[in-house]
Amino acid sequence: MSPLDELYREVILDHYRNPRHRGSLNGPHVHAEGLNPSCGDEFALDLSVEGDTITDVAIQGQGCSISQASGSMMADAIVGRNFDEVEDMIRKFRLMMTIDEGDNPVDPERPGAVLGDLEALQGVRKFPVRIKCADLAWTTLTDALAKARANA
Amino acid sequence: MTDLSALRSDFPILKRTFDGRELVYLDSAATTQKPVQVIEAVDAYYREKNANVHRGTYRLSAEATDAFEQARAKVASFIGSPKSEQLVFTRGATTALNFVAYGWGLHRLREGDRILLTVMEHHSNIVPWQMVAKLTGAELVYLGLDDDYRVDLTELDRVFDERVKIVAVSGMSNVTGARGPVAELVAAADGTNAIVVVDGAQLVPHDRVDVASMGADFLAFSAHKMLGPTGIGALWGKEERLEEMEPTEGGGEMISDVGLTESRWAPVPHKFEAGTPPIAQAVGFGAAVDYLDKIGMDTVRDHERELTAYALERLAEIPDLRVYGPRDVEGRGGAVSFELGDIHAHDIATILDDHGIAVRAGHHCAKPLMRHLHVPATARASFYIYNTPAEVDRLAEALLDARRVFGLA
Ligand SMILES: Cc1ncc(COP(=O)(O)O)c(C=O)c1O
């Protein structure tokens, strides 16, 4: 596969075109917003929390396929997880997206075993200027999680 | 077609390759590439003439001052200025517009006065006016666009009354390529108290400008968008306006006398040039206008018109591609903004970059315009003298590849 085709994998385009959990939550929730001022990408999310578990999530935003697909996959991945698990996921995602090959927690022998669909975003590593696109949802999630922890 | 391809060899950077593909540089609206003639003029200045200007008694300083003032004369004559003193060197178009806003607007605007703008302005011709409006209580009014992306003048009579004190309009949009209605607005302001400020950042590089016949009060532009160095631009003004205008920056070089509590300003243009100016950059700016003069601005314009027509034709062949800008190449420049299917502009730019093609994606520092067009972002290809039909063909091919990557059948 060419780097371009690796960047724009089927699953990424699918999440871009059919984002999961799009909308907003009605009940009590925490809300966080993120913006990449350099490119105008926007992302926001609502988290509904019981104890230390994320019971529901809704996402909003607009921007490039990478930023929006990353947010949609992230939403899918965090529902039903507790704060510690989500923080571990954020850490692994960030490691996966750093350029230094050695740090990548993803197991090439077992695709999807560590971060599920999110592993498809590894193609972004070959396009360093786009890493911040993939990261937008995750900085927003970090914000939301801090708020949720403060409320708990 | 006007063939300028021979001059490509003057631009060293155009020989660069990315993954083995020759660079196709289609971002000249952001900044243009530089010919060796400009690079060497800057180099030679540093090697042979460098000294601070306007203060040395030694011969080297006199040579540096001559080189700086000669550059002023060249740039002034390039835009048809009656006198070279009417040309103030600034850091760029942005600084030039801020000088007018703070040096002229701030001292004259009163509560309830109006500043008339168009929605297609670049942020640099909006934000300074917002800042000054806030300080003075003046209000901003905007002209919208018609269906062909040109400034809609049908509302002009309604918004243009005695409250309008400043009209600020772009000579050419960096997003749609459309020309601004400078002549119409100058005519409307004629006989009123309003001054007309033209943002020439895109106009001056791409067409012959004659300030005498244009009739505007101020014209702002940047060297780096017309083959020159970064860090320098110009504000041209009518003599009376420049006399009326206060300096925005104080410091060395801009005074005739300094006392403990008050100072007197140096004559125009020096009162606006506080501190050591960008001397080498001015010399490079002079070399850039020499280069453009040698080609001839009519030839520059013809080449761009033909190439833009060809680009619009090739882009029209691509399914799902929408151009945001006038279809007719008369009255437009070579900035072509577009969207392709549901592919976000940044994704288009990434795919084109993979093909070695540099285009810009985003809001192009014109957020009010993007909202007016109801688009979050566009991709923009923009042309200059060194671009060729073959490069337009590569753009078209790469856009077809973008369709493939995104599975648009
Ligand atoms: C229409 C227009 N006006 C003003 C500017 C500002 O020019 P500069 O950034 O060189 O000051 C630009 C360039 O970005 C422009 O395209």
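Guide: Residues are numbered from 1 along each chain as its sequence is written, and chains are lettered from A and ligands numbered from 1 in the order in which they are written. Because the model is predicted, local features need pLDDT of at least 70 and side-chain atom pairs count only at pLDDT 80 or more, while totals for chains, interfaces and linings use all residues; side-chain values use heavy atoms, with hydrogens and water left out.

Visitor: Happy to start! What makes R17(A) and D342(B) a salt bridge?

Guide: A salt bridge is a side-chain nitrogen of Lys or Arg within 4 Å of a carboxyl oxygen of Asp or Glu. The N to O distance between the side chains of R17(A) and D342(B) is 2.6 Å, so the pair meets the rule. Across the interface of chain A and chain B, the rule finds three salt bridges.

Visitor: Which elements of chain A supply at least two residues each to the side that touches chain B?

Guide: They are α1 (3–7), α2 (10–17) and α3 (65–78) of chain A. Such helices are DSSP runs (H or I, at least four residues), as strands are (E, at least two), numbered from the N terminus.

Visitor: How much area do chain A and chain B bury between them?

Guide: About 1400 Å², with 51% of it on carbon and sulfur atoms. Buried area is the accessible area (1.4 Å probe) that two parts lose on being put together, summed over both. In chain A, the residues that lose the most area to chain B are L4(A), Y8(A) and R17(A), together 37% of what that side buries.

Visitor: Why is R130(A) called buried?

Guide: Buried means under 20% relative accessible area, exposed means over 50%, and partly exposed is in between (1.4 Å probe, protein chains only). R130(A) has 4% relative accessibility, so it counts as buried. You will find R130(A) in the loop between α4 (83–97) and α5 (131–151) of chain A.

Visitor: Which residues is R130(A) in contact with, leaving aside its neighbours within four places in sequence?

Guide: Contact means heavy atoms within 4.5 Å. In chain A the partners are Y8(A), C64(A), I66(A) and V124(A), and in chain B they are H346(B), D347(B) and T350(B).

Visitor: Why is S337(B) called buried?

Guide: The relative accessible area of S337(B) is 0%, so this residue falls under the limit for buried. S337(B) lies in strand β14 (residues 335–340) of chain B.

Visitor: How is chain B divided into domains?

Guide: The assignment gives domain 1 (39–293) and domain 2 (296–405); such bounds come from an automatic or database domain assignment. Taken over C-alpha atoms, the centres of these two domains of chain B are 28 Å apart.

Visitor: How do you know that R301(B) and D207(B) meet in a salt bridge?

Guide: Their side chains are 4.0 Å apart, N to O, and the rule asks for within 4 Å, so the pair is counted. Two salt bridges are found across the interface of domain 1 and domain 2 of chain B.
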